[in-house]
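Please go through the architecture of this model.

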Amino acid sequence: MKKVLALVLALCMVFALCACSVSTSAPKAEEETAAPTEITLWTYPIGGWGTQETVDALMAAFEADTGIKVTVEYLTYADGDDKVNTAIEGNAAPDLIMEGPERLVANWGAKGKMVNIADLFDDTDKKEINPAALAACFADDATAYEYPLVMTAHCMAINKTVFEAADAMQYIDEATHTWKSVEDFEKAIAAVYEHTGAQVGAVYCVGQGGDQGTRALVNNLCGGTFTNPEHTEYTWGSEENIAALKKLYDNPAIAFDSGIAGGDEIALFYNGTLNVAFCWNIAQQLNPNTANTGAAKTASGDDIMFLAFPADGAAKLQGGIWGFGIFDNGDAARIEAAKTFIKYFCDSAKTADAVKAANYFAVRDTAEGADLSTIWADNDIMAEYNVLMPLLGDYYQVTTGWAEARTAWWNMLQAVGASDGSVEAISAAVDQYVNQANGK
Amino acid sequence: MSTKKISISQKSRRLMIRETTTSYLFLLPFLIFFVMFVVYPMFMCVYTSFFDATMGREDIFIGFDNYKTLFNDEVFWVALKNTLIIVIVSVPVTCAFSLWVASAISKMHVAATSAFRCIFYLPVVTGSVAVTMVWKWMYNNYYGIFNYLGNKTGLLEQNINWLGDERYALGCIILILLTTSVGQPIVLYVSALDNVDKSLVEAAEVDGATELQAFWKIKWPQMMPTTLYILVITTINSFQCFALIQLLTLGGPNNSTMTIMYYIYYNAFKLYKYGYGNAMGVILAIIIAILSAVQFKMGQEK
């Protein structure tokens, strides 16, 4: 009897397992036939779009207006890509995803995983949307994989209090938030170095975090570029970039630091260890530290000033563009619901709420007649930061092989930092990694 | 008589079959998990290593090309060298240090022995991320305690970028690995020392053996199975050093802390070269298997 019971028990356990394995596929069949009133959105931490409280309010309004329920999952930059890629491989990608063209257009779009949403852009939209943002969302004239919502310009920052004490503000055009010249940048750094006796800035390169800062710094110093205008080749092996790297290497106040990433550099800037941060944007300016000393302040209360990167002539800032794309899950009804979502948040009277939630700047001045140009009028810092937006440069993150190129970049910086600093050694390091980026 | 014998034998065989079947049925759920999550992935690892496998398209069969690429990949050789350095340094040091500490604390009062066991075991039970982050602060280039103490005592003229300088980074990683690896071996050695036949030790002492001779001739051979186990698990852990690299250096600076395990992760999950990553996994498994077999063989001989 005992054995019979044991046998039954064992069989139950086995069948329970089988039941587990089939239970995952059963609801899928139901989902396929269900009404498209439920869609999923995965979002990277783009300002308030990474915060449940903010997003819940937006989704509740959307559901009330359209009857479409949105289930949201929050990704991090540390493992978000892995999650999305795993989901794609497992045919479980979300309906909507919020991120930039480097992922939506150049990566998942190029691999045929996204829906072409070019039909969402009418002529008015094309006129209203910032040209650089619009171009970045299109893979070609007739194919768009992203609808942009917000953008910003990445920049650098200085500890203004320390710069004033070192008499280095004379090298800065405070009204335009720019350096007067590269030479003036070098003079200012030297003045602060002399005043404090400590390292002023760091070319951080332990990983890719915050690499937009080091890229913009190097590219602007001597007029180099990261890619060609067609976005078909990485050009950071040029003489201009090698000269810029040499300038940075030779500057005693700036160290190549293979021990920190962009986030660490910001922390060191907040706590006063460094007096220059190359990894900066409006998000940091608004909420610079956890010491609660207020916007545009370091932990000790010093004033922070945001600045364009040093360049002779107009600096070209690296842009950040974020919007929505739709994964092709083969369900026309859900794709249609996702398109409704995009139009609702990116091109309607509700767009202002979506932009404010992101804490960045709208990619357009008006959306379906709603004025977006004044949504930050009540915020002095946001209004002031607008001075940098015309400096937005080429959005080259859509170049093929972007993931490899980013990795090659910080590896190259490490190699330069570990070299003897001769032009030959820097050139060798740059050549090795730019070739890697170009797949040679 | 013979008919009865046959009948008993058949009954016994039937009973045996039933019991065996029942046993296997009880094992079945776990076997299914084992096959699904261990055997199948292992098979797929070997299988995929012969393909150009990446995200978003069908795998392309390329035979041994991944292996050929691997052996021409400079970073792979650097990673292999770094991994071997970690193993060669950390395994003997961990074993010797653990044995020394265990020998010292096993002679103490029971309460003191327990207290030391707890202290040395703490890093094992503490979250590895928390431990690593504390080490990261201690190594910090700008305000880390090592630089602070070095400057205060005059040992350092200027701050050292411990994790950002290729001369020191691997050593720093090994130091952390050692501190987090010794806990379990110490506990195992203390238990092994407790289990040594004390009458043999006493007899040797009566015969005039020194403490060292008693240890070497009596205790050490009896602790050999424990030593063998510690050697194998420490070797495997050292080969699989990953979290420290991921949290501290990402393989840098200049690949000076790149290990095979991290390079596998980097290729498979950052560059999405699944086939290439799996080829490295196969090589790593072969190396670990050979070393473990050698260790077992040596242990058995002793």
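Strand β7 (residues 155–159) of chain A is joined to β12(A) by 3 bridges, and the two strands run antiparallel. Helices (H or I, at least four residues) and strands (E, at least two) are DSSP runs, numbered from the N terminus. Two strands pair if DSSP finds at least two bridges between them. I158(A) stands opposite V276(A) in β12(A).

This is a predicted model: local features need pLDDT of at least 70, side-chain atom pairs count only at pLDDT 80 or more, and totals for chains, interfaces and linings use all residues. Residues are numbered from 1 along each chain as its sequence is written, while chains are lettered from A and ligands numbered from 1 in the order in which they are written.

The open sheet has 3 strands in the order β12-β7-β13 (chain A), with antiparallel pairing. Its edge strands are β12 (276–280) and β13 (304–307) of chain A, and each pairs on one side only. From one strand to the next, the twist averages 30°. Angles run from 0 to 180 degrees between N-to-C directions, and axes are lines fitted to C-alpha atoms, for helices over the stretch in contact.

Which helices pack on this sheet, touching β7 and β12 of chain A? The table gives them. Contact between two residues requires their C-beta atoms, placed from the backbone, to lie within 7 Å.

| Helix of chain A | Strands touched | Angle with β12(A) |
|---|---|---|
| α10(A) | β7 and β12 of chain A | about 115° |
| α12 (residues 262–270) | β7 and β12 of chain A | about 140° |

Helix α10 (residues 211–221) of chain A is mostly covered, with 11 of its 11 residues buried. A residue is buried if 20 or more other C-beta atoms lie within 10 Å of its own, exposed if 12 or fewer, and partly exposed in between; C-beta atoms are placed from the backbone. The buried residues of α10(A) include D211(A), R215(A) and L217(A). Just after α10(A), G223(A) takes a positive phi of about 80°.

## The six-stranded sheet

Another open sheet of chain A has 6 strands, ordered β2-β1-β3-β14-β6-β15, with mixed pairing. β2 (69–74) and β15 (361–362) of chain A stand at the edges, each with a single partner strand, so one side of each has no neighbour in the sheet. Strand β1 (residues 38–43) of chain A pairs with β2(A) in the parallel sense over 6 bridges. There, the bridge partner of L41(A) is V72(A) in β2(A). Helix α15 (residues 351–358) of chain A packs on the sheet. This helix touches β6 (147–153), β14 (319–326) and β15 of chain A, and its direction makes about 40° with that of β6(A).

## Chain A as a whole

Chain A has 18 helices and 17 strands. Buried residues make up 48% of its 440 residues. Of the contacts in chain A with a separation of 6 or more, 73% are between residues 24 or more positions apart. The C-alpha atoms fill a box of roughly 85 × 60 × 45 Å along the principal axes.

## Two domains

Chain A is divided into domain 1 (36–152 + 319–391) and domain 2 (155–316 + 401–437). The bounds come from an automatic or database domain assignment. The domain centres, taken over C-alpha atoms, are 29 Å apart. Their contact takes 13 residues from domain 1 of chain A and 16 residues from domain 2 of chain A. On the domain 1 side, α5 (101–109) and α16 (380–385) of chain A each give two or more residues. α16(A) gives the most, with 3 residues. By class, this side has 8 nonpolar, 4 polar and 1 charged residues. Ala, Val, Leu, Ile, Met, Phe, Trp, Tyr, Cys and Pro count as nonpolar, Asp, Glu, Lys and Arg as charged, and the others, Gly among them, as polar.

## Between the chains

The contact between the chains takes 28 residues from chain A and 25 residues from chain B. On the chain A side, α1 (2–23), α4 (80–89) and α17 (402–418) each supply at least two residues. By class, that side has 12 nonpolar, 9 polar and 7 charged residues.
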